[in-house]
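Let's take a walk through this protein together. Have a look at the sequence and the 3D view first, then read on.

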Amino acid sequence: MEMSRQAVTRLGLALASCLLIPTVLAGAPSAERQATLDHLLLQDCGSCHGLRMTGGLGPALTRQALAGKPREALIATVTHGRPGTPMPGWNALLDEQDIAYLVDRLLEGYPKP
């Protein structure tokens, strides 16, 4: 049985839309998860970047220090780390939404003064 090009296109679009549903439904982490991530940001990230994110072993992660850096590049750094530096990749412990949440918190100016 041979399918028309239009039928194949429709099937492809239907399958592609199914792949996008989990991303749309996932959204931001729950309030409980956000609290856990905030703790991780303070304790784990803060151990290298300073408890006020003003720098230490790792560079400052203040709002001013991150100004002009693309969000996607920051997400990639947290996800994959920085080879040749102490910065680990966090993708083994955190999912995409968790990492995006952490980056967004830093871009917003975490921790608040």
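## The pocket and its surroundings

The lining of the largest pocket sorts into 19 nonpolar, five polar and three charged residues. Here, Ala, Val, Leu, Ile, Met, Phe, Trp, Tyr, Cys and Pro count as nonpolar, Asp, Glu, Lys and Arg as charged, and the others, Gly among them, as polar.

A quick note before going further: this is a predicted model, where local features need pLDDT of at least 70 and side-chain atom pairs count only at pLDDT 80 or more, while totals for chains, interfaces and linings use all residues. Residues are numbered from 1 along each chain as its sequence is written, and side-chain values use heavy atoms, with hydrogens and water left out.

Back to the pocket. Its volume is about 610 Å³, and of the 27 lining residues, His49, Pro59, Leu61, Thr77 and Met87 lie nearest the centre. A pocket is an open set of points on a 1 Å grid over the protein atoms alone, where a 1.4 Å probe fits, with protein on both sides within 12 Å along at least five of seven lines; lining residues have an atom within 4 Å of a point. The volume is the space filled by probe spheres set on the points, which are joined across faces, edges and corners. H2 provides the largest share of the lining, six residues.

As for the overall fold, the protein chain has five helices and zero strands. Helices (H or I, at least four residues) and strands (E, at least two) are DSSP runs, numbered from the N terminus.

Which residues have the most contacts inside the largest nonpolar core? They are Leu41, Met53, Leu94, Leu102 and Leu106, in a core of 19 residues. Such a core is a set of buried Ala, Val, Leu, Ile, Met, Phe, Trp, Tyr and Cys residues joined through side-chain atoms within 4.5 Å. H2, helix H4 (71-80) and helix H5 (96-108) each supply at least two of its residues, and H5 gives the most, six.

Leucine 102 is in contact (heavy atoms within 4.5 Å) with Leu37, Leu40, Leu41 and Leu94, leaving aside neighbours within four places in sequence.

Now compare two residues:

| Residue | Helix | Relative accessible area |
|---|---|---|
| Aspartate 38 | H2 (residues 31-49) | 18% |
| Alanine 65 | H3 (residues 63-66) | 28% |

Aspartate 38 is buried because its relative accessible area is 18%, while alanine 65, at 28%, is partly exposed. Buried means under 20%, exposed over 50%, and partly exposed in between (1.4 Å probe, protein chains only).
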